[in-house]
Amino acid sequence: MRCLTRWLMLWGMAGVPACLVPNATLAADTELRIGAATTSITPDQPIALDGQFHTRISKGVDNPITATAVAIEARQDGQSVDQAVLVSCDLVAIRPPLLSATRRRLAEKLPEVDARKVIFTATHTHTSGVTEEGKYEIPREGVMHPSQFAAFLVERLEELIGNAWRQRWPGGVSWGLGHAVVGYNRRAVYANGSAAMYGKTDRADFRGIEGYEDHGLELLFFWHDARQPPLAVAVNVACPSQEVESGSRINADFWHDVRQQFQTGDHQNTLVLGWPAAAGDQSPHRMYRKAAEERMLKLRGLSYPQEVARRIVGGINDVCPLVRSDVRTAVPFVHKVEDVALPVRKVTEREAAAAQAEIDALTKKGDTSRRRLWHQKAVDRYRTQDKQPTLSVEVHALRIGNVAIVTNPFELFLDYGVQMQARSKAVQTFVLQLTNGSSGYLPTERAVKGGSYSAVVASN
Amino acid sequence: MNAKKPNSMVVTIVLLLALGWSDRSARTAELWIGAATADITPDRPLPLTGGSSVRIAREVLSRLTANVLALESRDGQRSLDQAILVSCDLCVIRPGIQEGFRKHLAGRLPGFDLNKLFLAATHTHDAPVLQQDRYDEKDYGDAMQPKEYVPWLYQRMGAAVVKAWESRAAGAVAWGLGHAVAGHNRRVVYSDGTAKMHGNTDDPQFRQIEGYEDHAMHVLCFYDSQKRLKATAMTLACTAQCASGTKVSADFWHDVRRLIHERHGENVCVLGFCAAAGDQTPRPQFSRKSQQRMEDFRGLTYTQEIGRRIASTFEDVSGVIAKDIRTDVPLMHRVRQVELPTRIVTDDEYAVAQKVCAEIDGRTTPKKTDRWTRNLYGLVAERYRAQQKGDWKTYDMELHVLRLGDVAIATNPFELFVDYGVQIEARSPAVQTFLIQLAAGGRQPAYYLPTPRAVAAGALNDQPFTNYSATVMTNIVGPKGGQVLVDRTVETIQVLWKKH
């Protein structure tokens, strides 16, 4: 795993710890101007849903998919010195074409916003739209095509960011740590050393869950006036929102229920940014104890997304009153963006041959799912990896007060997030995966040894 | 991990015969419940256990208790099955303690089979030493000697057991699952593959936390005939070791009890159990600064904070399961002796143990930790010699498995790594499987029972804390025996769920 070690070294060199050192010259206190807005990104036509191998055309809307933004401008001596716009989107991923199209639009329509300093994060709902052509076979008629949905999104996102930016006003931030048992490690390990994503755990050769789970709930509150309810709260949880992932209706998954349960009473106007932390090996699906969980749901009269939301909202409501007394209006604010070149995982000759054999078999069967493309990626990389040995990824690091926010475009296995949090000098470190790009899973060494979907070359 | 897999049908038949299977107790029957609490805190200075040297406590931070739950299923006047569970604010049920307690109770519980009583420790490290020779006797000073404390403990606990059994009356039960972030995996893995208990995670070589964490909390609530809460039993994968100071303390279970008593009355008996948690502890291995900051906001100690989380989950779950209180549930209790293969001491490990013992024996100025260290390494050497002669190749474990409605309860005497608990729960046919470690300790010490990945993270050397919890020094039983423990436990649960 030399590549991972190098990646971590690069991560360190990318400035994360350096810019987070409290006494760094760039970390002088700044006044904050904060704005927030939200918008629906729910199309009024059927769309193809992203995230599974097979094509699914939406058959209706269970609940709205949304995008929510918080714009922050740091000012010193009346001058703007830095900025960030944090955008959470109910999408499976931020595909590169969508990212670049949105940034082009922002550059054109909102030049006061540095498009490079906008952080787009996907919640990973698998019941939102496809934004990239060519991934699925989609009927020609009666469906909003990915390029159309992407164009619609670009427009909505530009409006959203403009609204948040224009509404910024002197404000403050506060932060706190809560807990919510939401994400479960989804990789089961067996006696022969193999692993399986969502593998059966009631087998006699089941030996354990591959790795860790993190039930910390990192919370960042934004305020215009600490006497009033918060303007917004960003919630960083090591779990992608994919409980209803196999459905065929538009659905924001548990983040919809979080919004619904949280935005009541005093918090009815408080916006919620859902941020997945490093969670490539996590999901809300239960790996065991399913009967007990199911029984508790019935007794509570809740669906599982509602139950997840109950836990998250319980965590927010527990922390919010505590940190309300510690709203900071003048804090260090630093936002760094870098493109980091990471060594790619090399596809071996054997792996390439196996992938080609899978493609041939699927073609022969007339398979029209995305599975062929998934294998094709491994074959293509085998051909290009000597000439293109690295992958460039966009990485952001922010310091806001004693909070660090770091981003990556992967489904990053939890252990990497734990490393960052453990080694960070910040009091709280928010790790945002699936941000500003879509680079697949980034597994651990132990996962690569165990194999299975999220830890094989086609996924990495 | 390479134990031969027996034919499952043969295993089932043998088990049915061995367990004297009868479906008598599987019938719906009346559940009789008794509960009582004993204060097991003497008002004298106490030597505290759990560390490599003895600490003398002259103050009490929170009082130690033993909490007793007596259960009997009855068909009219006929007793169908029974159990007495005792949760003790002790570090470990040391060898011989449970056996001695059963002897102490002989003749005092008419109609009760004493083999159906078990003791379990919460693992507080601020409780008294139970073995006279655990530390150097002169270090106990003026404190109450273990040989004095144990009979006193038996008196106190014995009175509570008798009270619980004699006061049993028809009642009801409910069960539920909640979550409380209390236990954290404490084994930190580095780039060279080594692991360290409570290792530094702010290290460029840090790679991962070794294994899983389990934040489930199983709750059983027991009610009187008017459905008023009488007792509760909870288990979670977390040892009660937030504190570890020089004051007597029941650790977070004290705070749990205080909060439950405030809400539900002083008479509610609270039994705190520890599920499989050999690699868990309440202390997080990272995010400590943010954790500390939140404690400061709340004005709580970390011990109190863990108590708050557990009590809060209890409130949440007990409120929900009050909708499903049962009076006519099956109670079945099976007690088995299970032979587990021991971890075999290698020649190299024997050599290390011999060397350490010789060094300590030859020391003119002993260190405070010498007795503790000598005991552990000495036992390694003793086991090696015995194993060379063909002895000490198995560990005789007392296994209790209960069925109470849709809940299975299963014990083990180890500090059992969480992966084994996950296996048992995942393979169990019960709706909820309530595991209790550090329970029903026998004549031999049990210590930790580690996973293969933990064992692979470092061999025994002359530093006792190298890969502590996963070397032969603190493992009487290793992964091979762990797998047998899982399989035998699951098989026994399956028998209790078999339809007749």
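This is a predicted model: local features need pLDDT of at least 70, side-chain atom pairs count only at pLDDT 80 or more; totals for chains, interfaces and linings use all residues.
**Chain A overall**
- The C-alpha trace of chain A spans about 65 × 55 × 50 Å along its principal axes.
- Chain A contains eleven helices and 19 strands.
- Of the 460 residues in chain A, 53% are buried.
- Taking the contacts in chain A between residues at least 6 apart in sequence, 81% join residues at least 24 apart.

**Domains of chain A**
- The domain assignment gives domain 1 (32-332) and domain 2 (345-384) in chain A.
- The C-alpha centres of domain 1 and domain 2 of chain A are 31 Å apart.
- Five residues from domain 1 of chain A and five residues from domain 2 of chain A make the contact.
- On the side of domain 1 of chain A that touches domain 2 of chain A, two residues are nonpolar, one is polar and two are charged.

**Contact between chains A and B**
- The contact involves 39 residues of chain B and 36 residues of chain A.
- In chain B, the elements β9 (172-179), β13 (206-209), α5 (288-298), α6 (302-321) and α9 (418-427) each supply at least two residues of the side that touches chain A.
- α5(B) gives the largest share of the side of chain B that touches chain A, with seven residues.
- This side of chain B is made up of 15 nonpolar, 13 polar and eleven charged residues.

**A sheet in chain B**
- In chain B, four strands form an open sheet with mixed pairing, in the order β9-β14-β15-β17.
- β9 and β17 (269-274) of chain B are the edge strands, each pairing on one side only.
- Direction ignored, neighbouring strands of this sheet are turned by 15 degrees against each other on average.
- Strand β15 (residues 229-236) of chain B runs parallel to β17(B), and six bridges join the two.
- B:Ala233 has B:Leu271 in β17(B) as its bridge partner.

**Helices on that sheet**
- Helix α4 (residues 252-264) of chain B packs on the sheet and touches β15 and β17 of chain B.
- The direction of α4 of chain B makes about 150 degrees with that of β17(B).
- α6(B) lies across β9, β14 (216-223) and β15 of chain B, and runs at about 130 degrees to β9(B).
- Both β9 and α6 of chain B are also among the elements that supply residues of the side touching chain A.

Key: Residues are numbered from 1 along each chain as its sequence is written. Chains are lettered from A and ligands numbered from 1 in the order in which they are written. Domain bounds come from an automatic or database domain assignment. Two residues are in contact if their C-beta atoms, placed from the backbone, lie within 7 Å. Ala, Val, Leu, Ile, Met, Phe, Trp, Tyr, Cys and Pro count as nonpolar, Asp, Glu, Lys and Arg as charged, and the others, Gly among them, as polar. A residue is buried if 20 or more other C-beta atoms lie within 10 Å of its own, exposed if 12 or fewer, and partly exposed in between; C-beta atoms are placed from the backbone. Two strands pair if DSSP finds at least two bridges between them. Axes are lines fitted to C-alpha atoms, for helices over the stretch in contact, and angles run from 0 to 180 degrees between N-to-C directions.
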